[in-house]
Structures are given as structure tokens and as C-alpha cells.
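Student: I have not looked at this structure before. Please take me through it step by step.

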Amino acid sequence: MEQIIKAQTKKVLEKHREQELQTNVRLCNCRKKELCPLEGECLTPSVVYEAILTTEANKKFSYIGVTEDTFKKRWSNHKSSFKKEKYRTSTKLSEKIWDLKKNNIDHTLTWKILKRGRPYSGGARYCDLCTTEKVEILRRSSDLSLLNSRTEILAKCRHRRKFLLQKQF
């Protein structure tokens, strides 16, 4: 049993190290640099980001999110949730955008990186990314324009799952 656990741990850690080595050194691969959502830093991995939604009446809402992968991949998922109705409830941000669309209210969306963090590594006591996201949400908890739900603070780290032992047989 000990050998199975060691083999699984080694396999997971090697895969994780391989992904870290393959991390692209380039910070942006946008074809039109002026359309980059993060002003030339869209390939930055392991970030806590903020989306600022501004309506035509100049009312602002903010959403705080986290990604262990590159921001650009997470941004792509957000864009899908804004366009495809089946994903309209995937985040509070997408719910708000669909609400604005329903009421024919024009809006703009800007993105910025709040913090960079270390991704969870096997055996660690906590996830730096999730903890940082929760702290940023708590800092703005009195702000009524924050779209994040307060239950996100109590959520378990979703980055730990990849380090759990899987059924070997």
C-alpha cells in the first residue's frame, strides 16, 4: 500500500512540475495588443483578479476571482458565460451581465490583477491563491457594489482536489 501511495504522489508531483516548466514566458499572446484584457499580461498564471463592470449610468460593480491557470483561459470561460445562456449562472458576474442584457443596459468590463500567488502544492496546509481571494473579498465586504457572494469565503479550496489519491484499481 505504501508503494502505491508513493507512486501516486510521485506521479502527481512530476506532472505538476512539468506544467510549471512549460509555463509560457511570454506575458501576452493577443493578436491585437490594444485589445488585451490585461494590457499585455494576459498569460500571467496564478492570479487573483478583479473585474470592474460599469453601466451606462456610470454605476460600478466589482467581482473578485482567482485562477491557477493563466488569466486568459479564465477570461475565456467568463466570456463563454456572458454569451451562452446555459452558463448564465456560473458566476455572480455572469448573472449580473445577463441581468443587464435583459434590461437592455449597456456596460463595459475592465480587468486587473490584484495579487499574484503560489498555487497549492501537495501537502501544504493552505492554498495561497484561495486565501488571498478570500482576504480581498473580506476587505471589500462592506462595499455594496461587490458581486461576490459571501458564501465564497467559507468554500473549500478547489485546487487541492488534483492532489488527492485516486482509485488505483
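Student: In what order do the elements of the chain run from the N terminus on?

Tutor: This is a predicted model. Its secondary structure comes to four helices and three strands. Read from the N terminus on, the elements run α-β-β-α-α-β-α.

Student: What box do the C-alpha atoms of the chain fill?

Tutor: The chain has 169 residues, and buried residues make up 37% of them. Taken along the principal axes, the box filled by the C-alpha atoms is roughly 60 × 35 × 30 Å.

Student: How many disulfides does the structure hold?

Tutor: A disulfide needs two cysteine sulfur atoms within 2.5 Å. For Cys28 the closest cysteine sulfur is in Cys30, 3.6 Å away, which is too far for a bond. Cys36 is in no disulfide either, as its nearest cysteine sulfur, that of Cys28, is 3.7 Å away. The number of disulfides in the structure is zero.

Student: Is Cys36 buried or exposed?

Tutor: A residue counts as buried under 20% relative accessible area. The relative accessible area of Cys36 is 8%, so Cys36 is buried.

Student: Is Cys28 buried or exposed?

Tutor: The cut-off for buried is again under 20% relative accessible area. Cys28 has a relative accessible area of 10%, so Cys28 is buried.

Student: Which residue forms a salt bridge with Arg88?

Tutor: Arg88 is partly exposed, with a relative accessible area of 26%. The closest N and O atoms of its salt bridge are 3.0 Å apart. The partner of Arg88 is Glu85.

Student: How far apart in space are Asp99 and Arg88, C-alpha to C-alpha?

Tutor: Asp99 lies in helix α3, residues 92-102. In sequence, Asp99 and Arg88 are eleven residues apart. In space, their C-alpha to C-alpha distance is 9.5 Å.

Student: Which residues are linked with Arg140 in a network of salt bridges?

Tutor: Arg140 forms a salt bridge with Glu136, the closest N and O atoms being 3.1 Å apart. Of these two, Arg140 is partly exposed at 21% relative accessibility, while Glu136 is buried at 5%. The network links Arg140 with Glu50, Lys112, Glu136 and Arg139.

Student: Which residues gather in a patch of positive charge on the surface?

Tutor: Lys79 is one of the residues in this patch, and its place is in helix α2, residues 71-83. Patch residues need over 30% relative accessible area, and Lys79 is partly exposed at 31%. The residues of the patch are Lys79, Lys83, Lys84, Lys86 and Lys101.

Student: Which residues make the nonpolar surface patch?

Tutor: The patch has an area of about 400 Å². Leu165, one of its members, lies in the segment after α4. The residues are Met1, Ile4, Ile5 and Leu165.

Note on methods: Residues are numbered from 1 along each chain as its sequence is written. This is a predicted model: local features need pLDDT of at least 70, side-chain atom pairs count only at pLDDT 80 or more; totals for chains, interfaces and linings use all residues. Side-chain values use heavy atoms; hydrogens and water are left out. Patches are made of residues with over 30% relative accessible area and no salt bridge: like charges are joined within 9 Å, nonpolar side chains (Val, Leu, Ile, Met, Phe, Trp, Tyr) within 5 Å. Accessible areas come from the Shrake-Rupley method with a 1.4 Å probe; for residues, only the protein chains shown count as cover. A salt bridge is a side-chain nitrogen of Lys or Arg within 4 Å of a carboxyl oxygen of Asp or Glu. Lys and Arg count as positive and Asp and Glu as negative; His and the chain ends are not counted. The place of a charge is taken as NZ of Lys, CZ of Arg, CG of Asp or CD of Glu. Helices (H or I, at least four residues) and strands (E, at least two) are DSSP runs, numbered from the N terminus. Buried means under 20% relative accessible area, exposed over 50%, partly exposed in between (1.4 Å probe, protein chains only).
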